[in-house]
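My notes follow the display.

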Amino acid sequence: MSTPRTLRRLPSNLVNRIAAGEVVERPASAVKELVENAIDAGAGRIAVMLKEGGRSFISVVDDGVGMSPQELELAVERHCTSKLPDDDLTDIRTLGFRGEALPSIASVSRFTIASRPAGADTGWSLDVDGGVRHSLRPAAHPQGTRVEVRDLFFATPARLKFLKEARSESAHVADAIRRLSMAHPAIAFRLESEERALLDLPAASASLLKEVDAARLQRLATIMGRDFADNAIAIDANREGFRLTGFAGLPTLNRPTAQHQYLFVNGRPVRDKLLAGAVRGAYQDFLARDRHPMVALFLEAPPQMVDVNVHPAKTEVRFRDSGIVRGLIVGALRTALSAAGHRASTTVADAALGAFRPHTGQSMSLPMGRGSVPQVPRGLAEAAAQFMAPFAQPSARVETTRPDAANATGMSYPLGVARAQLHETYIVSQTDQGVVIVDQHAAHERLLHEKLKNQLEAEGVKRQALLLPEVVEVGEDGARRLAQRAAELAEMGLVLEPFGLGAVVVRETPALLGEADIQGLVRDLADELAEMGDHLSLKEKVEEVCGTLACHTSVRAGRRLTVEEMNALLRQMEATPHSGQCNHGRPTYVELKLADIERLFGRR
Ligand SMILES: Nc1ncnc2c1ncn2[C@@H]1O[C@H](COP(=O)(O)OP(=O)(O)OP(=O)(O)O)[C@@H](O)[C@H]1O
Ligand SMILES: [Mg+2]
């Protein structure tokens with residue numbers, strides 16, 4: 001915050017340029033404004049209390065700089081702020097800037113604000129009832145500010161009617177505080193509702209605060225879950241004065257909605273289509289369209305390059321040059337995801353281990369005294385039996401390597417040496433540290449995807465002509481879209497043209513694909529083109545299309561592989577970026593560490 005700070009009325013020409021509209025829609029929006037004020041005031045602890053979801057009572061208490069009695073009187077006046085010292089709406093460095101929040105809240109509630117600035121020996125308190133100001137009175141108060149809001153919307157019954165039940169309103173309040181807290185790990189936040197703590201976020205310890213990343217990750221872990229912290233990659237990238245930091249979840253840690261994507265611009269939580277689109281673009285290679293990554297990204301922008309004065313609730317921003325921002329986000333995320341290489345999320349291995357763990361069933365009725373070995377669950381026992389007796393059951397084909405082959409290679413490959421193929425779908429390999437199980441179809445799809453992309457970049461894709469051209473019904477819109485993109489698709493090896501109403505005829509396909517499922521492929525492409533619209537660059541489209549192409553190749557699951565083929569696949573995976581997950585975000589392999597396996601069998 002700028003010093004010295006003076007609280008004063010904004011000149012009217014400036015007032016007219018501030019985005020006007022409803023500031024207080026529900027308890028959560030009042031709390032958001034009050035907590036933002038506390039953050040701007042340099043608070044170290046902020047405590048919020050609610051009754052009836054905030055409808056009958058809200059209090060927000062901070063230990064920030066506080067206000068003198070003169071400042072208190074101004075603070076509840078419209079258009080009075082201490083935060084625009086140079087009248088410059090293009091240089092906003094605080095969360096507030098309009099001088100709107102307190103008077104707006106005070107005009108629709110019974111409002112009390114009490115405060116004491118540093119160095120003063122007493123505090124002062126001021127009441128405002130439905131916008132009508134009472135006189136100042138001295139009040140005992142520690143340094144900092146307390147705002148109490150009673151009977152929100154008491155004078156506007158129409159708005160009262162729109163409030164949801166208390167639990168839903170408090171959930172919104174908690175969400176607003178969580179978002180703000182993610183950008184401020186040095187501040188302790190607490191939320192109580194009807195004397196129950198809904199949030200209790202301690203400030204990062206002093207030693208942790210020296211490591212910005214560690215402090216932030218600790219706060220993020222409390223809010224987004226341990227899983228996120230364990231499976232996130234740190235981001236740090238710059239471009240033309242913009243800086244992006246934060247954490248990006250591995251694609252294998254995906255969710256069905258974009259709800260777990262938190263974006264901040266200069267410490268302000270925002271919901272922004274541009275930013276969300278950039279995240280989607282960066283991950284599209286790794287995730288199915290209906291899956292979403294978890295991210296918490298913090299963009300620091302030069303204040304002149306971003307306009308926060310576009311929405312009355314200050315939840316949206318506009319960038320002077322959105323291209324730079326988009327490029328920065330997509331580039332930073334892609335680089336980080338590539339560097340993470342074939343790391344798959346620990347969640348996957350944990351889930352696998354969980355599945356292996358003995359479940360309570362008949363086997364658990366056996367006594368398990370000290371020193372006894374836990375029962376092996378049925379599924380694992382069967383797998384083990386098949387493994388131990390490869391040739392006993394004709395239906396369970398198990399390929400084993402010659403033992404000396406493994407020794408000769410020293411087993412130092414990250415994905416180990418192939419030992420067996422199970423159910424004609426999974427490759428089991430032995431590593432220095434444990435056991436790896438590879439989904440051969442997912443792995444193959446990923447490798448093919450990368451190959452297609454590389455071939456395309458290097459020399460363009462080789463095509464194969466179909467003996468019998470194939471007609472695919474895709475609907476009129478689909479046919480039109482495919483026809484529009486025919487030239488680009490041909491470059492990727494797919495030659496097609498319109499065929500009557502609502503259909504296309506496919507004449508050539510990428511040679512790499514072998515016998516692809518052309519019907520499924522073309523229909524998916526049509527859907528994809530509709531989804532992508534014109535938002536994506538050609539390069540991004542190409543990559544998405546490559547993913548779709550790879551997915552529709554002759555399926556390798558259910559195919560028997562020789563030991564040589566299995567090992568070749570493992571070596572290729574090691575050499576291929578992003579091989580930890582197929583392009584739908586499913587893992588291509590899981591690794592079980594020996595230590596975990598030993599624990600399963602009670603050896604540790
Ligand atoms: N918790 C607080 N501690 C210290 N000063 C405060 C606090 N809350 C408000 N103020 C002072 O009161 C002024 C008015 O607050 P108000 O929230 O109405 O406007 P603002 O924060 O300046 O802008 P905005 O309307 O965008 O929030 C602030 O500029 C600040 O000087
Ligand atoms: Mg404010």
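Which atom of ligand 1 does a polar side-chain atom of D62 lie 2.8 Å from? I looked it up in this model, which is predicted, and found a nitrogen atom of ligand 1 at that distance from D62.

Entry 1: I went on to the oxygen atoms of the ligand. The side chain of S82 has an N or O atom 2.6 Å from an oxygen atom of ligand 1. For G99 I noted a backbone N or O atom, 3.0 Å from an oxygen atom of ligand 1. I then checked the cover: ligand 1 taken alone exposes 590 Å², and the protein buries 99% of that area.

**Entry 2: the shell.** I counted 22 residues around ligand 1. Those that come nearest are T81, S82, K83, R98 and E100. Sorting the shell by class, I got nine nonpolar, six polar and seven charged residues. I also looked up which elements supply at least two residues each to this shell, and these are α2 (27–40), β4 (80–81) and α4 (101–107). Of the elements, α4 gives the most to the shell, with three residues.

**Entry 3: the cavity.** How many cavities of 30 Å³ or more does the count come to? I have five written down. Ligand 1 sits in the largest cavity, and the space in that cavity is about 430 Å³.

I listed 30 residues in the lining of the largest cavity, and N37, M67, A75, K83 and L102 lie nearest its centre. The elements that give two or more residues to this lining are α2, β3 (57–62), β4, α4 and β9 (144–150). Which element gives the most to the lining of the largest cavity? I found α2 there, with five residues, whereas α4 gives the most to the shell around ligand 1.

**Entry 4: cross-check.** I marked K83 in both lists: K83 is among the residues that come nearest to ligand 1, and K83 is also among those nearest the centre of the largest cavity.

How values were computed: Residues numbered from 1 in each chain as written. Chains lettered and ligands numbered in written order. Predicted model: local features only at pLDDT ≥ 70, side-chain atom pairs only at ≥ 80, totals over all residues. Heavy atoms only, no water. Near = heavy atom within 4 Å. Polar contact = N/O pair within 3.5 Å; in protein donor to acceptor, adjacent residues only side chain to side chain. Areas by Shrake-Rupley, 256 points an atom, 1.4 Å probe, with all protein chains shown as cover. 1 Å grid on protein atoms, 1.4 Å probe; cavity = no way out; pocket = protein on both sides within 12 Å on 5 of 7 lines; lining within 4 Å. Sits in = over half its atoms within 2 Å of the grid points. Helix = DSSP H or I, 4+ residues; strand = E, 2+ residues; numbered from the N terminus. Nonpolar A, V, L, I, M, F, W, Y, C, P; charged D, E, K, R; others polar. Points joined across faces, edges and corners; volume = space filled by probe spheres on them.
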